[in-house]
Amino acid sequence: MRDVYGIAAFRSRQQVLRFEATLRRMGVPTRVVSTPRAISMGCGLSVRFPVEYLTQVRGALAAANPGNLIGLYRAEYDGQRLTVRGM
């Protein structure tokens, strides 16, 4: 079982919630999740989204210009191990 998804990590919980709401209004399926340990910085919460929506997510980030974004990451879970890389 392989699960691939995107993560938008922020330094502020408030920004996580705002960005998640923005993406939902755009029709992007999202979830607020705990930030993976591989991304050890931040507030502990991130926005999870399907990687197929990366273009829309980048557009929303460009429009919102959040100053406390840590980064966008691609997460892959193979059933045993989570691998996280920057996008």
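Strands β1 and β3 (residues 45-49) pair up antiparallel, with four bridges between them. Strand β1 also has β4 (residues 69-77) as an antiparallel partner, joined to it by eight bridges. Pairing here takes at least two bridges found by DSSP; strands are DSSP E runs of at least two residues and helices are H or I runs of at least four, numbered from the N terminus.

This is a predicted model, where local features need pLDDT of at least 70, side-chain atom pairs count only at pLDDT 80 or more, and totals for chains, interfaces and linings use all residues. Residues are numbered from 1 along each chain as its sequence is written, and side-chain values use heavy atoms, leaving out hydrogens and water.

Here is who faces whom along β1:

| Residue | Opposite residue |
|---|---|
| Ala 8 | Leu 72 in β4 |
| Ala 9 | Ser 46 in β3 |

Strand β1 (residues 3-10) is largely enclosed by the rest of the structure, because six of its eight residues are buried. Buried means under 20% relative accessible area, exposed over 50%, and partly exposed in between, using a 1.4 Å probe and protein chains only.

Now for helix α1. Its buried residues are Gln 15, Val 16, Phe 19, Glu 20 and Leu 23. They cover an arc of only 135° around the axis, so they sit on the same side of α1; the arc is taken from the directions from the helix axis to the C-beta atoms. Their cover includes β1, β2 (31-34), β3 and α2 (54-64), with contact meaning heavy atoms within 4.5 Å. After α1 comes Gly 27, with a positive phi near 90°.
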